Protein chains: 2
Amino acid sequence: MYRTHTCGELNAKQIGQTVTLSGWAQTIRNKGKMIWVDLRDRYGITQLVFEEGKTNACVWENVKKIGREFVVQVSGKVIERYTKNPNLPTGEIEIQVETLTILNASDIPPFTIEDNTDGGEELRAKYRYLDLRRPVMQKNIYLRHRVTKLVRDYMDGQQFAEIETPYLIKSTPEGARDFVVPSRLHAGNFYALPQSPQTFKQLLMIGGYDRYFQIVKCFRDEDFRADRQPEFTQIDCEMSFVEQEDILQMFEGLMQFVIKEVTGKQLDKFPRIPFEKAMAIYGTDKPDLRFDLPITDLTEIIKGRNFNVFDSAEYIGGIIVPGQAEISRKIIDGLTDYVKTPQVGAKGMVYLKYNGDGSFKSSIDKFYSPEDWQKISSQIGMNSGDILFILSGNRTETLTALGRLRIHLAEHFALINENDFAPLWVTDFPLYEWDEEAQRYNAMHHPFTAPKAEDVGLFETNPAAMHANAYDMVLNGMEIGGGSIRIHDAEVQKKMFRTLNLAEDEINEKFGFIINAFKYGAPPHGGIAFGLDRIVAILAGTSYIRDVIAFPKNNAGRDLMLDSPSEISKEQLDELSLVIKKENSVEK
Amino acid sequence: MYRTHTCGELNAKQIGQTVTLSGWAQTIRNKGKMIWVDLRDRYGITQLVFEEGKTNACVWENVKKIGREFVVQVSGKVIERYTKNPNLPTGEIEIQVETLTILNASDIPPFTIEDNTDGGEELRAKYRYLDLRRPVMQKNIYLRHRVTKLVRDYMDGQQFAEIETPYLIKSTPEGARDFVVPSRLHAGNFYALPQSPQTFKQLLMIGGYDRYFQIVKCFRDEDFRADRQPEFTQIDCEMSFVEQEDILQMFEGLMQFVIKEVTGKQLDKFPRIPFEKAMAIYGTDKPDLRFDLPITDLTEIIKGRNFNVFDSAEYIGGIIVPGQAEISRKIIDGLTDYVKTPQVGAKGMVYLKYNGDGSFKSSIDKFYSPEDWQKISSQIGMNSGDILFILSGNRTETLTALGRLRIHLAEHFALINENDFAPLWVTDFPLYEWDEEAQRYNAMHHPFTAPKAEDVGLFETNPAAMHANAYDMVLNGMEIGGGSIRIHDAEVQKKMFRTLNLAEDEINEKFGFIINAFKYGAPPHGGIAFGLDRIVAILAGTSYIRDVIAFPKNNAGRDLMLDSPSEISKEQLDELSLVIKKENSVEK
């Protein structure tokens, strides 16, 4: 061992002891006759002190050769520090160095190894191993370890078994977003990488495994979007002989346990909000409940004053921001500009100020009298001092726009406490969604999702009205998990497929072997999958999942450190019986 | 929840309680007026009893419909069993069923769901989800979960962090055995799947992560051999600021912990045997120490009696089997046939019996007198009643043949206690091995493996004599882990490459980015990787790793359940800018 202690553990108790430390030179302060070096390792920083004349001459010569990020080993005595640093666990002491070995030199790093580094994103990606030395990255990566350990402890305690499912699986006809893997030994044939272990966990339930989980990489060859990774990590779970309620309780418990252990906060029972209510009140199926600002349906309340925009609208909704009636015209204009941006897509916005003096001011005062406003505001619980923002149009689009506005308002008026955790379940999702383009229904979750028992009669008559035993866990406005009770009844499964307009041979081609498995005693079962990257990012307080992944890819799916993906040799292509179509080659 | 209890937990304490169970019908015994059903779940088997007249008529009709592997839910009273089964945890009780729901029917399974099933290997592979229901498979899969949990607990307790490394990496020019993954968005470019996270764990050490581990899938597109899987699981580990001794102690501790927790056995300190000694005494670098039978070097002792086979041999070695001098000529002939098989490759075998009456009998008594034998046997510690088997020829080949014979003898004479665990470290591996075909040295472990400090002077003069800080952990004759201290000194690394005859540009092409990383302060580090599949197989007492993998591939790398690998659509190939060379297509 190259050390007796780490750089994070020495304090006044060890004064007088001789110790050996190893680590990286974080900073070197050369004051001529004195040199201080901050030695850094995973565990912390310890100050080393060298003094001309007092320090062994050989060591004194050597320490002057040290540069930033040199790896050094020192032995010396722990002494009390003259100027103590109360912000550092080791701030009471320093090491009077007696021997020093330069274990490795370092070129000058391309950016500073500090939380507030001067390195740009691309440079840090290329030198990821140096970026990973920054304390904030170390904190994130250890947090990720901690979270996975906690998840495993909880699951193990609940008699879940972690079972590995294969990575080399079969490409499905639907798998346009599958990554595929050519087989060398079976020329012209391909494996596929799993988008999720969904099929396998259902097969494990059929195999009698009862309580399965796995922390597992999944793969999706999507057109890259900001903060999407082609490989990502799921906490994948499935249980047999359960109903929806059992699953909600089990995994609410998981998240309460993890957050309690990591942050010390004991979360209350999670609110449960049906999908349609979430859409109506928050304009999204993943509401951020760290702040209130509900959407109020004004459709019936506000029409009939000859304001054509409203009178012709399918839906009118508003958000009251309490106590902000005083904001300037400029701020209102800014908010109006925001709702007109493409990602919100509203044509305009109406506001209503209920001033502190009891007067009203609105952008549509031409159509509405103070008495109208009085009546409306009292109906919707708007108080003097509040401001109301109103959008109108097609119901779904307007609600979605209001949902985005709601978040924007919370950010603008600083209503979000970044240290809060506001989890909830969104339940009662529709079973189907209508595909306008294909003119048919799609399964909203997936085709093995069970409908609510009371809706089973609607398969033939009104599929659009059917609800699923499906649920999402939402935390701080992010969907962090989603799942469903699965169909285990062959008759229900057939009805499901029929409504999806699948022909018998199509069903067999797409789902043949799992349907075959269902013939041999499938138990009632259901499950959920969580996005680990997202959960850790929320706990780490970062918006970017690549901040909690040791070696992420960039937004174009490239690894800049490895320079991957890259070309492979002619020999390798030959072995795989593959030829690259050159005319298609668009991008390097 | 579909149950109040599992099928494994009820006993005399619950007599009189009303309970609900769910599970699979394992056996149905219909005696006309009485029907017994063994209900099975993950946790055990509980006997259900139905009686005509006494059981509700509706339930009585229903139970007669139940077949093997039907999924049923029952409620009823726990009653004392008339004929108790002491071999079953639930053997004191049965359930007098009051309500019964058939949750799912089952077709007749293609083989019996029992440890001694009537299903052949291929059939069971195709219906893996049914094979997985067999108690022995359930035991293995839960054991695997337990082992991984224990590994994680130990590593976490030692401040190792589990850090995920990427699956989509870069194909290396040496990576002929890489599986590759075509990129859709970067046409003509490929990712590769990792053969191991070796590079990444070294980068993590450079990144300051100190103690890393990961239970991780690795991939190798090899020509398939018996009991090889194209995807396999490693326990991958790396530490900084350590020497070989630190690593041996840390991971000896890991294996002692796992075996103690799983079997209750506390293993002693592991013997350490240098590579050359292992070869000389056991004829292999992975000796099975559950039995003794060392190889004795007879080269100097037995020559010079005009037996040309011996006199012309580079090496002569023998194995004494104590107390077996009485074996028949037929058995000796059988053993001789064995050493002549291609996998052993000896030309013949000489035996020497030291009979109970003090006489000697050998196949070469023409050349050796009883006095010769007396002298030789006393020199090698052979006693009256023992038999000696002798092979001769080229040293390495003969030792390898003796190593195989040693195992064969142990099996033949039943000297192996299957419940024993005999671990050891094999150390001091040569740094290089000579590649006769390419007429150059190869790195025996890999080119980042550190030589012994005392051998560093031999790079230019005698590389063949250099030894590495490399080590294998061997358990019951299987290599279960291997690793090394890595080079962290740029000068040593250059010498290593030079001896491997690598040109500068070749080095950069093959190892460029990691060598670049080494410029920025690489700490001294080393590690080890264990084969999880193999460890679990040994603990499960099976010889086949596919018995401890939920969804394995067959020896041809095919998944018979999924029918994978398989063809993909023209559209998918187009999206990937790939064409399949048809003339190469050999196998479906």
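## Exercises on the A–B interface

Asp210(B) forms a salt bridge with Arg42(A), the closest N and O atoms being 4.0 Å apart. The model is predicted: local features need pLDDT of at least 70, side-chain atom pairs count only at pLDDT 80 or more, and totals for chains, interfaces and linings use all residues. Residues are numbered from 1 along each chain as written, chains are lettered from A in the order written, and side-chain values use heavy atoms, without hydrogens and water.

**Exercise 1.** Find how many salt bridges cross the interface of chain B and chain A.

*Solution.* Apply the rule: a side-chain nitrogen of Lys or Arg within 4 Å of a carboxyl oxygen of Asp or Glu. The rule finds 17 across this interface. Next, see which element of chain B gives the most to the side touching chain A: helix 4 (residues 135-157; a DSSP run of H or I, at least four residues), with 10 residues. Then sort that side by class: 66 nonpolar, 28 polar and 35 charged residues.

**Exercise 2.** State the area buried between chain B and chain A.

*Solution.* Take the accessible area (1.4 Å probe) lost on putting the two parts together, summed over both. Now count residues in contact (heavy atoms within 4.5 Å): 129 from chain B and 129 from chain A.

**Exercise 3.** Relate chain B to chain A.

*Solution.* Superpose by least squares on C-alpha atoms of residues with pLDDT of at least 70 in both copies.

Methods. Helix = DSSP H or I, 4+ residues; strand = E, 2+ residues; numbered from the N terminus. Nonpolar A, V, L, I, M, F, W, Y, C, P; charged D, E, K, R; others polar.
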